[in-house]
Amino acid sequence: MRTPQMPQPLTAHGLLPHNSPPLSLRRSYQLPNKTIIRACSSGLQSFLDLSCESKPECLAIDLQWHKPSNSSSYDAVILGCGPAGLRLAEQVSARSVHVCCIDPSPLSAWPNNYGVWVDEFEAMGLEGCLDKVWPMTTVFIDDRKTKYLGRPYGRVSRKRLKTQLLEGCASNGVKFHSAKAWKVEHNEFSSTVSCSDGSELKASMVVDATGFTSPFIEYDEPRRNHGYQIAHGILAEVEGHPFDTDKMVLMDWRDSHMGSEPGLRPRNGKLPTFLYAMPFDSKLIFLEETSLVSRPVLPYVEVKRRMVARLRHLGIKVKRVIEDEKCLIPMGGALPVIPQNVMGIGGSAGLVHPSTGYMVARTLALAPVVADAMAECLGSTRMIRGRQLYGRVWAALWTGERRRAREFYCFGMETLLSLDLKGTRRFFDAFFDLDPDYWEGFLSSKLSLGELLALSLSLFGRASNPSKLDIVTKCPGPLARLTGTLALQCI
């Protein structure tokens, strides 16, 4: 349901790290000077006939740069300057750990948008990095039923958040190196990162924050059981739209737009997509057609065709495309080998929510936890290094409780994969009728395994008879795998 910050996404909702960033969401917008827009004629044509080009934009922040002529040894080297990498660098450097960040373009603006629940950013003191807040969110179950959620939703200002993190890093003495990491080699107590410019940096710990397709993170099993979230989004100037500007549209599962597209309706009935929309004003809106999760991935061209049909049905005529987003996020699947000689954070560490695609807020919140574990080892007089160092830091990120909860969220993903459009509607109808502590905690990855089990019982009790039949007939396999995995983890 994130499309939020956040894979190798072509972009992202939810987090995603930089170096090859990821997924979704928005702001009270003035058209940036950097954006060059070319539009064909308007009328009833598709927004696909419009094109946009954005010049790369760099932030003007005075950073300390790594100099290969000096000592190239650090306590920690962090690969990637997306939200995950910079947040960890800011936090661990504040704990007197000597850090260098490696990224091909550390000052470049993040290309992907991020949407978050406001309370999550408030809990981290980052509410000043939100540039648009909607006091309510809307879920359209179908043409007859709409739910209004009283949980404020916000769009992250990419510029504000990256500026704040970079300035924190700069004031803490973090060094930056503009290059791409090509290879990481490990000795007993240190590692060496070889870069595209021929330089080598040594560190007691290497942290990978480059995203889902990192070559440096090892897995015990192939990632063939991923689900995939795919989406296409545009920030557009429109002639008008039918949405309330004080409500963010979290999900629109209506399919009345398929009436004029008989070729699309059967496929959408089996593998549904929904609209995610952020209306900034009556003429400016972010629109994103999203496949919540599918396996195999829904073809990208089909997602765009469905979006064209939906906007035409809603009477939304796009005048200009200001930004566009193309997103692909692997969800669920196996965790990395724990521990291993490269530490992960963000997408490379498996932090994406297996049922929703959300990741940014959770990654930002867990970075201080990882930083504490790193500082305890790297900053101590005991000088803990090597396998013991990596073991302690991985264990701090993926505690037994978090791993068990993730297995449950993967069960949630498998449940969603088994549902068609009608089943998906029934599921979310019951889900958003739960006590807010349940659905809010589920979406924010805050529930313990016990609370998740209580949520399941409550959800089953509130579900309609057809939805209960879905659960009974389609979930035994995933439930058996969940039970087996939890039993193994408890041995």
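This is a predicted model: local features need pLDDT of at least 70, side-chain atom pairs count only at pLDDT 80 or more; totals for chains, interfaces and linings use all residues.
Q: Which residues touch the most other members in the largest nonpolar core?
A: They are Phe 121, Leu 250, Met 374, Phe 428, Phe 431 and Phe 432, and the core holds 127 residues.

Q: Which helix gives the largest share of this core?
A: Helix α6, which covers residues 360–378, contributes 12 residues, and that is the largest share.

Q: Which residues are in the second, separate core?
A: That core has 18 residues, including Val 238, Ala 277, Met 307 and Ile 316.

Q: Back to Phe 431: what does it touch, not counting residues up to four places away in sequence?
A: Phe 431 touches Trp 439, Phe 442, Leu 443 and Leu 459.

Q: Is Phe 431 buried or exposed?
A: Phe 431 has 2% relative accessibility, so it counts as buried, the cut-off being under 20%. Phe 442, with a relative accessible area of 8%, is buried as well.

Q: Let us turn to aromatic pairs. How many does the structure hold?
A: The structure holds 19 aromatic pairs. One of them joins Trp 110 and Tyr 114, with 6.2 Å from centre to centre and 70° between the planes; this pair is edge-to-face.

Q: Are Trp 110 and Tyr 114 buried or exposed?
A: Both Trp 110 and Tyr 114 are buried.

Q: Why is the pair of Phe 431 and Phe 442 edge-to-face?
A: The ring planes of Phe 431 and Phe 442 stand at 75°, with the centres 5.5 Å apart, so the pair is edge-to-face; the angle required is over 60 degrees.

Q: What does that pair tie together?
A: Phe 431 belongs to helix α9 (residues 421–431) and Phe 442 to helix α10 (residues 436–443), so the pair ties together parts that are 11 residues apart in sequence.

Q: What sits over the ring of Phe 140?
A: The charged end of Arg 254 sits there, 3.9 Å from the centre of the ring.

Q: New topic: in what order do the strands of the open sheet with three strands come?
A: The order is β6-β10-β7, and the pairing is antiparallel.

Q: Which are the edge strands?
A: Strands β6 (115–117) and β7 (130–134) are the edge strands, since each pairs on one side only. On average, neighbouring strands of this sheet are turned by 30° against each other, with direction ignored.

Q: How many bridges join β7 to β10?
A: Four bridges join β7 to β10 (residues 153–156), and the two run antiparallel. Trp 134 stands opposite Tyr 153 in β10.

Terms used:
Residues are numbered from 1 along each chain as its sequence is written. Side-chain values use heavy atoms; hydrogens and water are left out. A nonpolar core is a set of buried Ala, Val, Leu, Ile, Met, Phe, Trp, Tyr and Cys residues joined through side-chain atoms within 4.5 Å. Buried means under 20% relative accessible area, exposed over 50%, partly exposed in between (1.4 Å probe, protein chains only). Contact means heavy atoms within 4.5 Å. Rings of Phe, Tyr and Trp (its six-membered ring) pair if their centres lie within 6.5 Å; planes under 30 degrees apart count as stacked, over 60 as edge-to-face and the rest as tilted. A charge sits over a ring if NZ of Lys or CZ of Arg is within 6 Å of the ring centre and within 35 degrees of the ring normal. Two strands pair if DSSP finds at least two bridges between them. Axes are lines fitted to C-alpha atoms, for helices over the stretch in contact, and angles run from 0 to 180 degrees between N-to-C directions.
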